[in-house]
Amino acid sequence: MSDLTDLDELLSKRGRSAQFGAYVTALAFDASGLPGFALGDGTLRLGPDHQSIAAHDGAALSLSAHPQGGFVTGGDDGRLVWTRPDGGTQELHKFGSKWVEQLAAFAGKSPLLAAAVGKMLYLLSPGGEVLKEIAHPSTVTGIAFDAKGKRVAASHYNGASLWFTASGSLVSPKLEWKGSHTGVAIHPAGEALVTAMQENALHGWTLPGGKHMRMSGYPSKPESLGFTKSGKWLATAGAESIVLWPFFGGGPMGKPPMELGMGDGVIKRVACHPQHEVVAAGFNTGMVLVADVGRERVLAVCGPGRGSVSALGWSQNGAQLAFGTEEGFAAIVDFNG
């Protein structure tokens, strides 16, 4: 069942939008619900009024919610910067001239930051102290913490590596598969690790056994992936609809994926709701949809025409959805009420 008659109705009624004039590279909400957009011009746009914070000399390449509020960003100036909710900034670390292209944060009992700089994965305290330096055979292309912050995964050429955060040692032998792996996700229960690949496919390994899982058939690269809250489904981009692989009943091997939310174009970003089996999807046309997986119902958030969606994410309570595009359009849609 679909409701796609007036594609911009939800954005018009429940959204607030802005035109930043620069590529939206990443977005997030902090724990208080404060939104932050990282831009290609080096600024961070903060809060409901999109206060412009000069965070980087160059492009802001990566962003995560900081465990103590506000946001941490990485730039092509080699800097890791904490922007507090009041707009104040603090340089947490300087990695020379190397780009900080990947960031992840864990906000649990023992909060951590993870930053990828070339082949190195750095684990840092929220204040920027380097706790661990972990070398990889090639450039780290994606980072993900597990649900408890005890392990951190990194994707790279010819596979992925999974490390204990406390010791910096490998959890198991390297998870190997030939080819270029460009992003990573860990199952919420820690039962699997999956990477996106350059060759229009996904590859996965069961944990702890390391049994291979191959998920292919995409018309383009699946640039974005994530598990739903329950871990039953892996939602991915790379097709004309949201491709959902079943991680239950012996899946995904031997089981076809479910597809929801057909649009005019290819999905570039997906974002799973933090509480429900709901997935948002952003297309290369600018269209944004939300799909209720259980009910197989699709709701349009906005229609095409504002640039390819380059960033997409839910607030931590699931009440708001934000997205940004390559053309600098950004919006926040409120699902409360």
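Figure 1. Arg269 makes a salt bridge with Glu223, and their closest N and O atoms are 3.2 Å apart. (A salt bridge here is a side-chain nitrogen of Lys or Arg within 4 Å of a carboxyl oxygen of Asp or Glu.) This pair ties together distant parts of the chain: Arg269 belongs to strand β25, Glu223 to the loop between β20 and β21, and they are 46 residues apart. Glu223 also has a salt bridge with Lys268, at 2.7 Å from N to O. That link spans distant parts of the chain too, with Glu223 in the loop between β20 (212-215) and β21 (225-227), Lys268 in strand β25 (residues 267-272), and 45 residues from one to the other. Glu223 counts as partly exposed because its relative accessibility is 39%. (Buried means under 20% relative accessible area, exposed means over 50%, and partly exposed is in between, using a 1.4 Å probe and protein chains only.)

A quick note before the other views: this is a predicted model, in which local features need pLDDT of at least 70 and side-chain atom pairs count only at pLDDT 80 or more, while totals for chains, interfaces and linings use all residues. Residues are numbered from 1 along each chain as its sequence is written, and side-chain values use heavy atoms, with hydrogens and water left out.

**Figure 2. Lys13 and Glu9 in helix α1.** Why might two such side chains meet? Side chains of opposite charge can pair when their charged atoms come close. Here, Lys13 and Glu9 form a salt bridge at 2.7 Å, N to O. They sit four residues apart in helix α1 (residues 9-14), so about one helical turn separates them. Lys13 is exposed, at 65% relative accessibility, and Glu9 is partly exposed, at 33%. The whole structure has ten salt bridges by this rule. (Helices, H or I with at least four residues, and strands, E with at least two, are DSSP runs numbered from the N terminus.)

Figure 3. The structure holds seven aromatic pairs. Trp314 and Phe335 make a tilted one, 5.6 Å centre to centre with 50° between the planes. (Rings of Phe, Tyr and Trp, using its six-membered ring, pair if their centres lie within 6.5 Å; planes under 30 degrees apart are stacked, over 60 are edge-to-face and the rest are tilted.) This pair brings distant parts of the chain together: Trp314 is in strand β29 (residues 309-314), Phe335 is in the segment after β31 (329-334), and 21 residues separate them. Are these residues buried or exposed? Trp314 is buried, at 11% relative accessibility, whereas Phe335 is partly exposed, at 24%.

**Figure 4. Phe323 and Phe329, another tilted pair.** Their ring centres are 6.0 Å apart and their planes are at 40°, so this pair is tilted. Phe323 is buried, with 0% relative accessibility. Phe329 is buried as well, with a relative accessible area of 9%.

**Figure 5. Charges over rings.** Arg84 lies over the face of Trp82, 4.3 Å from the ring centre. Lys232 does this with Phe248, at 5.0 Å from the ring centre. (The rule: NZ of Lys or CZ of Arg is within 6 Å of the ring centre and within 35 degrees of the ring normal.)

**Figure 6. Val279 and the largest nonpolar core.** This core has 19 residues, and Ile242, Leu244, Ile267, Val270 and Val279 touch the most other members. (A nonpolar core is a set of buried Ala, Val, Leu, Ile, Met, Phe, Trp, Tyr and Cys residues joined through side-chain atoms within 4.5 Å.) Strands β22 (233-236), β23 (242-246), β24 (258-260), β25, β26 (278-283), β27 (288-292) and β28 (297-302) each supply at least two of its residues. Leaving out residues up to four places away in sequence, Val279 touches several others, including Thr228, Ala235, Cys272 and Leu289. (Contact means heavy atoms within 4.5 Å.) Apart from this core lies another one, of 17 residues, among them Ala271, Ala280, Val288 and Phe329.

**Figure 7. Arg151 and its surroundings.** Arg151 is found in strand β16 (residues 151-164). At 17% relative accessibility, Arg151 counts as buried. What does Arg151 touch, not counting residues up to four places away in sequence? Among them are Phe145, Asp146, Trp163, Gly190 and Leu207.
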